Amino acid sequence: MKMIERFSGIFLFAGLLLFSFAVLSLGIIPALMVDRLHPRQGLPTVVPHEMKEWYSTVDVYQKALLRGRDLYVREACWHCHSQYVRPVSNESAYYGPVATPGEYQTVLHLPQLLGTRRAGPDLSREAGRHSNDWHLAHLYQPTWVVPESIMPTYTWYFERDASGVIQPKDDAKALVAYLQSLGKDFEDAQYVVEPEDIMLPPGE
């Protein structure tokens, strides 16, 4: 009994020490590293051709990307889609090269949405895989473009115009813009720019 009491203090101390180490290495240090990211690090400095129909200036496009990221998080899209190509199960054959840490050094990847469950496909390389119209149709009624899809509909992102035609709202466009940006920095090195090269609007 005395032996157990003697070691209980050691176990308690070791447990507290390991807990402190975990908080430091997995909580505090990553938080300090994230804080170093520039507010617009990794955002594009040009409007891609496929987005010029919706966005005429870089500033408006950048704000749409950030809005799209926020909507992606709010709608919990990351519950069923991952943004991390793992080095197992030959995933690179389906989703492209294995993910690298450098890909996530952008504000569009904060909070990190790596995900672990794939009820839907990985979206790390989604940019350019489908047209904007495909994504809009997929949001409105997923089974129109993927018959076996179990994804819910997001009809509240759309409205009918005076002639009864279904039109996307600004939030739908922003969400599609975000999806179409995923992996773009991986395909085009010019898409990712250093923080000091970004011109911020006054007050930011």
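**Questions on a predicted model**

Q: Which residues does Asn132 touch, not counting residues up to four places away in sequence?
A: This is a predicted model, in which local features need pLDDT of at least 70 and side-chain atom pairs count only at pLDDT 80 or more, while totals for chains, interfaces and linings use all residues. Residues are numbered from 1 along each chain as its sequence is written, and side-chain values use heavy atoms, with hydrogens and water left out. Contact means heavy atoms within 4.5 Å. With residues up to four places away in sequence set aside, Asn132 touches Glu50, Met51, Trp54, Val176 and Gln180.

Q: Is Asn132 buried or exposed?
A: A residue is buried under 20% relative accessible area, exposed over 50% and partly exposed in between, for a 1.4 Å probe and protein chains only. Asn132 has a relative accessible area of 12%, and because that value is under 20%, Asn132 counts as buried.

Q: Which residues of helix H4 are buried?
A: Helices (H or I, at least four residues) and strands (E, at least two) are DSSP runs, numbered from the N terminus. Helix H4 covers residues 132–140, and what covers its buried residues includes strand E1 (158–160), strand E2 (166–168) and helix H5 (170–179). The buried residues of H4 are Asn132, His135, Leu136, His138, Leu139 and Tyr140.

Q: With which side chain does the side chain of His135 make a polar contact?
A: His135 is found in helix H4, and its relative accessibility of 4% makes it count as buried. A polar contact is a pair of N or O atoms within 3.5 Å; within protein, one must be able to donate a hydrogen and the other to accept it, and residues adjacent in sequence count only if both atoms are side-chain atoms. At 3.4 Å, the polar contact of the His135 side chain is with the side chain of Glu126.

Q: What is the volume of the largest pocket?
A: On a 1 Å grid over the protein atoms alone, a pocket is an open set of points where a 1.4 Å probe fits, with protein on both sides within 12 Å along at least five of seven lines, and lining residues have an atom within 4 Å of a point. Grid points are joined across faces, edges and corners, and a volume is the space filled by probe spheres set on the points. For the largest pocket this gives about 610 Å³.

Q: Which of the 29 lining residues are the closest to the centre of the largest pocket?
A: The elements that give two or more residues to this lining are helix H3 (92–95), H4 and H5, with four residues, the largest share, coming from H4. The closest to the centre are His81, Gly120, Pro121, His138 and Met151.

Q: How many disulfides does a search of the whole structure find?
A: A disulfide is a pair of cysteine sulfur atoms within 2.5 Å. The sulfur of Cys80 lies 8.6 Å from the closest cysteine sulfur, in Cys77, which is too far for a bond. The number of disulfides found in the whole structure is zero.
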